Amino acid sequence: MRLRLHELEALVRTRICRECDVRTAQGACALPEQESCKLFELFPLVAQAILATDSDDIEDYIRAIRENVCSVCLEQRLDGTCALRGQARCALDSYLAEIVEVIEEATGKTFRRENSKA
Ligand code: SF4
Ligand code: SF4
């Protein structure tokens, strides 16, 4: 099943923002004004990476995010490290397993999780 971009984003927002530590009790995103949520700033690339990956192994989705999203994110350094990722301050990285779960639910796929590091 292929979802439209806005449908996939709505599913991810509903699930991830609800669980995100950054969300206030009132339901608002509490990120500082100068700090954007990379999950949604880069969501077209996130969705593209996930939808372009046809695998039953969750590791392939994690790799696709790293290669296609983190690689173009301004937060990632030339050596591949990321301060936000290191400090668990990127929702895309922190909730990657859950994000893929949303895709799993939406597509009816079952991913193998035994090797997941997310
Ligand atoms: S940081 Fe991102 S995932 Fe978390 S509440 Fe804000 S918009 Fe949602
Ligand atoms: S983990 Fe770092 S490089 Fe990857 S999307 Fe998040 S902030 Fe950008």
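# Reading a predicted helical chain

Biologist: Is Cys70 buried or exposed?

Modeller: Cys70 is buried, because its relative accessible area is 12%. Buried means under 20% relative accessible area, exposed over 50%, and partly exposed in between (1.4 Å probe, protein chains only). The model is predicted, so local features need pLDDT of at least 70 and side-chain atom pairs pLDDT 80 or more, while totals for chains, interfaces and linings use all residues. Residues are numbered from 1 along each chain as written, chains are lettered from A and ligands numbered from 1 in the order written, and side-chain values use heavy atoms, without hydrogens and water.

Biologist: Where does Cys70 lie?

Modeller: Cys70 is in the loop that runs between helix 4 and helix 5. Helices (H or I, at least four residues) and strands (E, at least two) are DSSP runs, numbered from the N terminus. Leaving out residues up to four places away in sequence, Cys70 touches Ile65, Gln76 and Arg85; contact means heavy atoms within 4.5 Å. From Cys70 to Gly80 it is 10 residues in sequence, and 8.4 Å in space between C-alpha atoms.

Biologist: How many helices and strands are there in the protein chain?

Modeller: The protein chain has seven helices and zero strands, and its pattern along the sequence is α-α-α-α-α-α-α. It has 118 residues, of which 36% count as buried.

Biologist: How do I read the contacts of the whole chain?

Modeller: Take the contacts in the protein chain with a separation of 6 or more: residues 24 or more positions apart account for 62% of them. Arg4 is placed in the segment before helix 1 (5-19). Arg4 counts as exposed because its relative accessibility is 58%.

Biologist: Which residues touch the most other members of the largest nonpolar core?

Modeller: They are Val12, Leu39, Phe43, Val46, Ile65, Leu92 and Ile99, in a core of 32 residues. Such a core is a set of buried Ala, Val, Leu, Ile, Met, Phe, Trp, Tyr and Cys residues joined through side-chain atoms within 4.5 Å. Two or more of this core's residues come from each of helix 1, helix 2 (38-41), helix 3 (43-51), helix 4 (58-68), helix 6 and helix 7 (96-107). Helix 7 gives the most, six residues. Val12, apart from its neighbours within four places in sequence, is in contact with Cys17, Leu39, Phe40, Phe43, Ile99 and Val102.

Biologist: Which residues are around ligand 1?

Modeller: A residue belongs to the shell if one of its heavy atoms lies within 4 Å of the molecule. For ligand 1 the shell is Ile16, Cys17, Cys20, Val22, Cys29, Leu31, Cys37, Phe40 and Ala91. By class these are nine nonpolar residues, with no polar and no charged ones. Nonpolar covers Ala, Val, Leu, Ile, Met, Phe, Trp, Tyr, Cys and Pro, charged covers Asp, Glu, Lys and Arg, and the others, Gly among them, are polar.

Biologist: What classes make up the shell around ligand 2?

Modeller: That shell has six nonpolar, one polar and four charged residues. Its members include Cys70, Gln76, Arg85 and Leu92. Helix 5 (83-86) and helix 6 (91-94) each supply at least two residues.

Biologist: Which residue other than glycine has a positive phi near 55 degrees?

Modeller: Ala88 has that phi value, and Ala88 is in the loop between helix 5 and helix 6. Ala88 is exposed because its relative accessible area is 55%.
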